[in-house]
Amino acid sequence: MKSTDQNSRRSFLRKGLGIAAVAGSVTALQAFQQDSVEETGEMVKLLSPEGEIVEIDKAYLKPIPEVHVTPDAAREGIPGRRFVMVIDLAQCKNLRKCHDACEKMHHCGPDNEFLKVLKMQDNKLATPFWQPTMCFHCDEPPCVKVCPVDATYKRTDGIVLIDTDRCIGCRFCMVACPYSARTFDWSEPDQTEEVKHQHYSPETSVPAKMGTVSKCDFCPDMVRQGEMPHCVTACPNGVFYFGDENEDAVSNGSETVRLSELLRDRAGYRYMEDMGTRPRVYYLPPVNRAFPFEDDEFTKQNGSKS
Amino acid sequence: MKTKKSESSGHFPDQSEAIGRDLMPKPFGLSGKIWVAVLSFVFLLGFFFYIQQLRFGLGITAMRDYSTWGIYIANFVFFVAISLVGSLISAILKLSGAKWRTPLTRISEMIAVSSIIFAALVIIVDMGRPDRFMNVILHARIQSPITWDVLVITTYLTISLLLLYLPLIPDLAFMRDRFSGIPAWQKKMYTFMALGWKGLPGQEKILRRAEQILAVLIIPVAFGIHTVTSWLFATTLRPGWDSSDFGPYFVSGAFMVGAGGVIAAMYIFRTHYSLEKYLTDKHFDYMGRLLVLLSLVYLYFNINEYFVPAYKMKGQEAEHLNALFYGRYAPLFWSVQIFGMVVPIIVLMFRRGRKPLPMFIIAIMVVVGAWFKRFLIVIPTLSHPYIPMDRVPESWQHYLPTFKEWSITAATLAGALLIVTLLTRLFPAIPMVETIEEANPEHKETEIA
């Protein structure tokens, strides 16, 4: 058990090389049994599951088949993991790349934002700051508590997901969430035919369905492939750290740090801690900022609300 | 008109014939037909829009991600509230030995049954996926207040139906035996529904006991149904809802609107069917006193509900209260509090205010005020979320129901009135046999231990 944990940590942290290579070699090994493949002569080096470097012809590589996790399978968390996110408010300058990537990858339009970047101001004298906000995947999720049909649930890996095949659209969860993290498909979602016919999985939240609730899913499909959630990879300023509480490690893509040290040294906090929801998303306060605060077109027109 | 049957006529003096004639359900006159036609039109128009909603989704309403509950839910709370009149009149007044309640019991049970049916339907109307309604049973989670609501609503509906039906049995037998010149199907229906009732002492005893048990049973269920409804709000962390006295606050408001509803219905039946002999000024006077008492209790809870948080003016709670007191919702808020609660209390304190016509006007004010009070409980809270409502269209920030949404809501109200109207077309709105028995003290109802 211990060795697999270590394996997963290593593969998680060295995500670029690690998992992609292992998964690639698995498909390659399967491909060896098929003789019909025509070799190209171009060789690639891969890491085998046994930890050895092997060299195989490129023709044997197959693209990793899309991991399709059925609604029933999605109820089980990824074993041994406790996902966590840390958002560094000192680094956010409202580029909104996270928002755009999230919207693109989840095929949700502007009316169904999973991630919002909000202008926040604690009091009149304090400088405003930008706060990316999404589902906090609370450990005491008020949304899960009120769902009458178990359509939204908490997994062992900390992620809160929604099964839109089961959701009855009562919207009690939206009312119960104090963070307004949830969104509803009030009409037929505006999605391409291709997206509409994808296999639905709660881990991708795609395709969206009319009359059901959806929200940020922490991209467990990406994590299964050894990748980071879309917002993390999209941010050029390294605002988002994502990782595993069990490993005590989070990474923003360019640096990997100890979660406990990061929260301790930078005074990490959780939004509206007094709600008792115990979010899995932490914020680092907007001190020693990398950028001065600048209003964007929207906030110039609308002012701010603390 | 009527053929006397020796065995049943022997039971009552001739006075019973006159009472029977007065109270028998009558065919609709012109005004009755127009009333039914208007209600049917409103109902069918809303039904048409509901079909659209099924096709195009809840997007045809003005509800959006922040105001995620709207007038459907407010209307649901209203229906649940007014349905409590059944338990108030049939149970609480019965157990407290108030004899004068007799002519009001049937009307209040009819209102209770029709409004609870529509409360359940409105919840389905509000569902994004009504096609998955069975999930509520198949995947029921006992932690969810919605599951409790489903349980308690079905229980309340069952007991209310029994409380409507059981006291009706002697009347059904009376109509079966005494009425001629009614269509054969109607006669057959009365015969079938009367379950072979002959008014034997043994039958009487069973019936009285059953009514007594139901009257006791319905009280905790009535408190349950509206307390659980209040918990749909109070179990959340939202400003304005995050309150520990929402249960009694809702229950007290429900008894008040229920009393208002039955007073309005009493007045309409009295004037329309010339029932002045049965629904007397005394009944209005007593109901007026009862309504003052219930309104004062509700006023007390309102003071607690608004004054205490307003004294503290805490964070987001303050924004919500400011919107009610001086802001966007102030005109509606003060109209409802003044005309739906304070004015009724003052007017009904005076004897002249408790005459039938002023009572009717006050009752309408109470009922309309109560509907908008539910609007004020549901909507402003959702317009004041904790996180800023950034980058959303103006219409998302300020919920204004669409015409289709109003129409669907109006359809449910019309539907509930239609059920009451049709029930009174088929069954006596005032208990016949009980009224006859009370007019003849020697035929007093058998006492049970």
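Let me begin with the lining of the largest cavity, whose residues divide into six charged, two polar and four nonpolar. Please keep in mind throughout that this is a predicted model.

As for the space itself, the largest cavity holds about 130 Å³, and a search over the whole structure turns up nine cavities of 30 Å³ or more. In general, rolling a probe the size of a water molecule over the atoms is what shows where empty space is left.

I turn now to the contact between the two chains, where 51 residues of chain A and 44 residues of chain B take part. Between them the chains bury about 4000 Å², and 57% of that area is on carbon and sulfur atoms. On the side of chain B, the residues that lose the most area to chain A are B:Arg141, B:Ile387 and B:Arg391, which together make up 19% of what that side buries.

Which residue of chain A meets B:Arg141 in a salt bridge? The partner is A:Asp150, and the side chains come together at 3.7 Å, taken from N to O. Between chain B and chain A the count is three salt bridges, and there are also 26 residue pairs in polar contact, with both residues at pLDDT 80 or more. The elements of chain B that give two or more residues to the side touching chain A are α3 (30-56), α7 (135-138), α8 and α14 (315-325). By class, that side of chain B has 21 nonpolar, twelve polar and eleven charged residues.

Over all chains, the structure holds 30 salt bridges, and I would like to pick out one within chain A, in which the side chains of A:Asp163 and A:Arg75 meet at 3.7 Å, N to O. A:Asp163 lies in the loop between β7 (160-162) and α5 (172-176) of chain A, whereas A:Arg75 lies in the loop between β2 (53-57) and β3 (83-88) of chain A, so this pair ties together parts that are 88 residues apart in sequence.

Finally, two backbone details. Most residues other than glycine have a negative phi, and most peptide bonds are trans. A:His137, however, has a positive phi, near 45 degrees, and is placed in the loop between β5 (129-133) and α4 (142-146) of chain A. A:Val206 and A:Pro207 are joined by a cis peptide bond, with omega at about -5 degrees, and A:Pro207 is found in the loop between α6 (193-196) and β9 (213-214) of chain A.

Definitions and conventions. Residues numbered from 1 in each chain as written. Chains lettered and ligands numbered in written order. Predicted model: local features only at pLDDT ≥ 70, side-chain atom pairs only at ≥ 80, totals over all residues. Heavy atoms only, no water. 1 Å grid on protein atoms, 1.4 Å probe; cavity = no way out; pocket = protein on both sides within 12 Å on 5 of 7 lines; lining within 4 Å. Points joined across faces, edges and corners; volume = space filled by probe spheres on them. Nonpolar A, V, L, I, M, F, W, Y, C, P; charged D, E, K, R; others polar. Contact = heavy atoms within 4.5 Å. Buried area = accessible area lost by both parts, 1.4 Å probe. Salt bridge = Lys/Arg side-chain N within 4 Å of Asp/Glu carboxyl O. Polar contact = N/O pair within 3.5 Å; in protein donor to acceptor, adjacent residues only side chain to side chain. Helix = DSSP H or I, 4+ residues; strand = E, 2+ residues; numbered from the N terminus.
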